[in-house]
Amino acid sequence: MESIRRFLSRRKANNLKSSVKPSVPTIVAADGVPATAKQTISTSITSIPSPPTPPTDPNIAIIGGGLGGIVLAIGLLRRNIPVHIYESAPSFGEIGAGVTIGVNAVTALNLISPDLLSAFNTHTTHNESNPSSFLAFRKATRNGNGDNELVFDLKSDESAPNWTKSPTRMAVHRARFLDEIAKLVPEGGVTFGKTLRELAEDADGVKLAFSDGTEKKYSLVIGCDGVHSVTRKYVHGDGPGPAFSGEYAYRALVPAKVFQHAMGYEQAMNGTLYIGNGGTVITYPVEHGRSINMVAIRTRPGSTWPHKAWLVPSTHEELLADFEGYDQRLLDLLGRFGTRDKWAIFHYTHEMEYYKGRVCLLGDSAHATTPHLGNGAGQVMEDAYVLSGLLGTHLPKTEEDIEKVYKAYDAVRRPRSQQLVRYSHVTGMTYSMQEPGVEGDFEKMRKVLGERLRWLLETDLEGHLAEAVALLESKVD
C-alpha cells in the first residue's frame with residue numbers, strides 16, 4: 001500500500017487547488033443568486049495523422065475514440081504507458097448536443113490530468129441565475145397564470161460546492177468537449193476508419209481483425225466502443241446485451257434567445273425538468289448560454305422497441321401524441337428545432353465481470369445507462385481514473401498480472417457503476433410519476449432523488465483507487 005499512498009500524495013499536491021469538500025445536494029427554496037459562466041470556445045481539431053508501428057510490449061489498444069477512449073488514453077499517456085486508439089468513424093465525433101457533468105466527473109478529470117480539467121473549463125456551461133441548483137422541477141402543464149409551477153428545486157448548500165469552484169450542475173456540448181480533449185492526443189495516437197470485426201486471444205496477446213481486412217496484435221485491449229460494443233460480445237459472449245429501457249427520446253438544440261422568448265429567462269438559463277404523466281422534458285443551457293439543449297423522454301415501462309435501428313425517423317404528430325397535454329410552447333420548440341428522429345434508450349444491467357483474459361470493458365460497453373441522473377459520462381470518467389491509476393502503478397507484464405489488475409478494477413467499479421444503472425432507470429420512472437410508492441407525491445419524489453444524488457456525488461474517488469490497489473497488492477504480496 002505504500003506505493004499508492006505516495007502516488008495519491010503526489011497527485012493531491014500537484015492537482016488539488018483547495019481542500020473544499022464536495023457538498024451534499026439538499027432540498028431548499030428555489031431562489032437563485034446572479035452568476036455567469038461564459039468562456040470563449042477555442043478552435044477544435046478534426047483529425048489526427050495515421051499512426052506509426054504499434055509501440056513495444058507492453059502495448060495497449062483502445063477500441064473507440066469517444067469521451068471514454070480519449071480520457072483513458074490521456075490518463076495512460078500521462079503515465080508514459082504506450083497506447084493506441086482505433087475509431088471506426090472518419091473523425092472524432094459524438095451524438096447528442098449536451099452532456100451533464102457532475103462534481104464526481106470533474107474531480108475524476110482533474111485527477112487523471114489537469115489538462116482535462118482545463119479543457120472542460122473551456123467549454124463548460126452552468127446555470128446563470130441559479131448556480132447552486134442541480135435541477136429545478138416544474139410541472140409540464142401550465143397553471144391559471146400561464147406558468148409552469150415550480151414544485152421543488154434540488155440545490156447544494158454552497159454556490160461553489162467543490163475545489164474546482166464550479167457550480168453544482170455543469171454541462172458541455174459533447175462535440176466541443178471531445179474536440180478539445182482530442183488535442184491532448186499526440187500525433188499518431190489514433191487511427192480512424194477502423195471498424196473492429198472480431199478479437200482472438202492467445203498466449204502472446206490479442207489479435208484485432210478489422211473490417212478492412214487488416215490485423216493488429218496487442219498485449220492488452222480495452223473496449224470503449226459504446227452500447228453496441230464488439231469487445232463486449234467477446235467478453236460477455238452472445239447472450240443478452242444492453243436492453244431497451246422502455247424509454248425513447250426526442251432531441252432539439254434551440255437558440256437561447258428563442259427559448260427565452262417562449263419560456264422566460266429563468267427557465268431558459270437554468271437546468272429545468274418538466275414533470276408529466278408518462279414522460280419528461282429536460283432543458284439546460286450549453287455553448288456558454290448560446291443554445292438550450294432539449295430532451296423529451298417518453299417512458300413506457302415494459303414496452304419493447306420494434307425497430308432494428310436505435311435511431312429512427314419521427315414526425316411532429318408522434319411527438320404531440322406522446323406528450324399530449326404538455327405545455328404547447330415546449331412542444332412547439334421541439335417541433336421547430338428538433339432532429340426529427342426518435343432515440344431508443346438502452347441500458348445494461350448484469351452481474352458479469354468487466355474483463356476476460358487480456359480484454360477489459362470501460363464505459364457504456366460495460367454499463368450503458370439511461371440519462372436520468374446525468375452521470376453516464378461521470379461513470380466513464382471514474383472508470384478511466386481507476387483503470388489508468390492501476391495500470392500506472394502496476395503495469396502488467398504477464399497474463400497473471402493482467403488478470404490481477406483487471407480483477408481489482410472490476411471489484412471496485414462494477415458494484416458502483418451497476419448501482420448507477422439501476423438508480424438511473426428507476427429515476428426515469430420517478431420523473432414520469434410512475435415509480436411505485438412515489439407516483440405524483442412530490443414530497444416523496446424529492447426525498448428519493450436527494451438520497452440518490454447524495455450517494456452519487458458524495459464519493460471518494462481517491463479512496464476507490466486506493467481500495468483497488470489494496471486488492472491488487474494483497475494478491476501480489
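## Cysteines

In this predicted model, Cys360 is buried, at 0% relative accessibility. Cys224 counts as buried too, at 12%.

## The open sheet

Cys360 also leads us to a sheet: it sits in strand 21, opposite Tyr355. Strand 21 covers residues 359-361 and runs antiparallel to strand 20, with two bridges joining them.

The open sheet has six strands in the order 9-3-2-13-21-20, with mixed pairing. Strand 9 (190-192) and strand 20 (355-356) are at the edges with a single partner strand each, so one side of each has no neighbour in the sheet.

## Salt bridges

Across the whole structure there are 21 salt bridges. One of them pairs Lys342 with Glu318 at 3.3 Å, N to O. This pair links distant parts of the chain, since Lys342 belongs to strand 19 and Glu318 to helix 9, 24 residues apart. Lys342 is buried at 10%, whereas Glu318 is partly exposed at 28%.

Glu215 and Lys207 meet at 3.9 Å, N to O. Here Glu215 is partly exposed at 45%, and Lys207 is partly exposed at 34%.

Within helix 13 (residues 399-431), Arg414 and Asp410 lie four residues apart, about one turn. Their closest N and O atoms are 2.8 Å apart in a salt bridge, and Asp410 is buried at 3%. Shared partners also join Glu382, Asp383, Arg413 and Arg416 into one salt-bridge network.

Terms used: Residues are numbered from 1 along each chain as its sequence is written. This is a predicted model: local features need pLDDT of at least 70, side-chain atom pairs count only at pLDDT 80 or more; totals for chains, interfaces and linings use all residues. Side-chain values use heavy atoms; hydrogens and water are left out. Two strands pair if DSSP finds at least two bridges between them. Buried means under 20% relative accessible area, exposed over 50%, partly exposed in between (1.4 Å probe, protein chains only). A salt bridge is a side-chain nitrogen of Lys or Arg within 4 Å of a carboxyl oxygen of Asp or Glu.
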